[in-house]
Amino acid sequence: MRSNTLYVVIPCYNEEEVLPETARRLKEKMKCLTAEGLISGDSKIIFVNDGSKDRTWDLIQGLHRKDPLYGGINLTRNRGHQNALLAGLMTVKEYADIMISMDSDLQDDIGAMDEMLKKYQKGIDIVYGVRNSRKKDTFFKKATAEGFYKLMKFLGADTVFNHADYRLMSKRAVEGLAEFKEVNLFLRGVIPLIGYPSDFVYYERGERFAGRSKYPLGKMISFAVEGITSLSIRPIRLITALGFLIFFMSIVMLIYSFVRHFMGATIVGWTTLMVSVWAIGGLILLSLGVVGEYIGKIYLETKERPRFLVEQFLHETGGEGKKPAGDKTEGKSRSEAEGIEL
């Protein structure tokens, strides 16, 4: 039987409304998993506070004081969902054999954890939680979400369809993830690149228990752009192909103009000229924008800034673990953490 100390990593941003219920349900689940022998008694639930502006971190501290099952990681400021998740994984990988990441809104079916753990025991290192349907979504949400995955695939960012960030990863898979040093992080595309044995667990995604979604349409579009430009250079290749197409069309129009000229037909062409100028001008600006996006990412990567900074790590056995490569943490033991007021 493979080692089975489980750490559940949950990024949180302004989740004071849902956090107590999430903690209660996960505690019950962890007890069941321990009783079934799927996980060890040393397993933990780790909440990662991503610079929340409400009482999220106070609630995490309170949970930790009442029960050592709960731990917490407090980032120095808001770094975004992907970096908060990475911070959690990199901080706990020294203590855990298995890590399951999930959102704090209780939409992911925690019942799927059983099957994930069973697949892990069969030698699978990465188990993706995949939605089996979108029946509960509105037409607009369903269309935009499915369009998101299809667009990502078309533009070269190969991701698991209908998979967000609910997944199991073994210790060696997370150590493999640590080797990916890019600042512009898109975990849904990076993790499939690790290459260890993987499988899927399908589940029905529920309604959000409380609070609002932190990913409205604007953020989803930004997220898609981040993923595409982080994982693929296909947009640049499409621009090149578009350039060749426009050049070919200009040759065709040149030949057409000569033919019409020798036939004695004079074309005024003012409207056509204006439309062409505006169309080509727009394409040039779009192309410069895409190229600029990539140049901007190169600029950020060359700075080698840390992807996250951990201010405080609440953990029963102490937070003095190895520091994630390229990032910085500040470990605190349980007794030290309880004496700090933020």
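Colleague: Which residues does Asp 50 touch, leaving out those up to four places away in sequence?
Modeller: In this predicted model, Asp 50 touches Cys 12, Tyr 13, Leu 75, Arg 77, Asn 78, Arg 79, Gly 80, His 81 and Ala 84.

Colleague: And where is the place of Asp 50 in the chain?
Modeller: Asp 50 sits in the loop that runs between strand 2, residues 44-49, and helix 2, residues 56-66.

Colleague: What span should helix 3 have at 1.5 Å a residue?
Modeller: Its 12 residues, 81-92, should span 16 Å, and because the end C-alpha atoms are 17 Å apart, the model agrees with that expectation.

Colleague: Changing topic, which residues touch the most other members in the largest nonpolar core?
Modeller: Of the 35 residues in that core, they are Leu 6, Ile 10, Ile 45, Phe 47, Met 113, Tyr 166 and Leu 168. Elements giving two or more residues to this core include strand 1, strand 2, helix 4 and strand 6, while helix 1 gives the most, with 5 residues.

Colleague: What does Phe 47 touch, again setting aside residues up to four places away in sequence?
Modeller: Its contacts include Ile 10, Cys 12, Leu 19, Ile 60, Leu 63, Tyr 70 and Ile 73. Ile 73 belongs to another core, which lies apart from the largest one and has 32 residues, with Leu 75, Tyr 128 and Ala 178 also among them.

Colleague: Which residues of helix 4 are buried, and what covers them?
Modeller: The buried ones are Met 113, Asp 114, Met 116, Leu 117, Lys 119 and Tyr 120, and their cover includes strand 1, helix 1, strand 4, strand 5, strand 6 and strand 7. Just after helix 4, Gly 123 takes a positive phi of about 105°.

Colleague: Last one: how many helices and strands are there in the protein chain?
Modeller: There are 11 helices and 9 strands, and buried residues make up 45% of the 342 residues in the chain.

Conventions: Residues numbered from 1 in each chain as written. Predicted model: local features only at pLDDT ≥ 70, side-chain atom pairs only at ≥ 80, totals over all residues. Heavy atoms only, no water. Helix = DSSP H or I, 4+ residues; strand = E, 2+ residues; numbered from the N terminus. Contact = heavy atoms within 4.5 Å. Core = buried A, V, L, I, M, F, W, Y, C linked by side-chain atoms within 4.5 Å. Buried < 20%, exposed > 50% of the residue type's maximum accessible area, 1.4 Å probe, protein only. Expected span 1.5 Å × (residues − 1).
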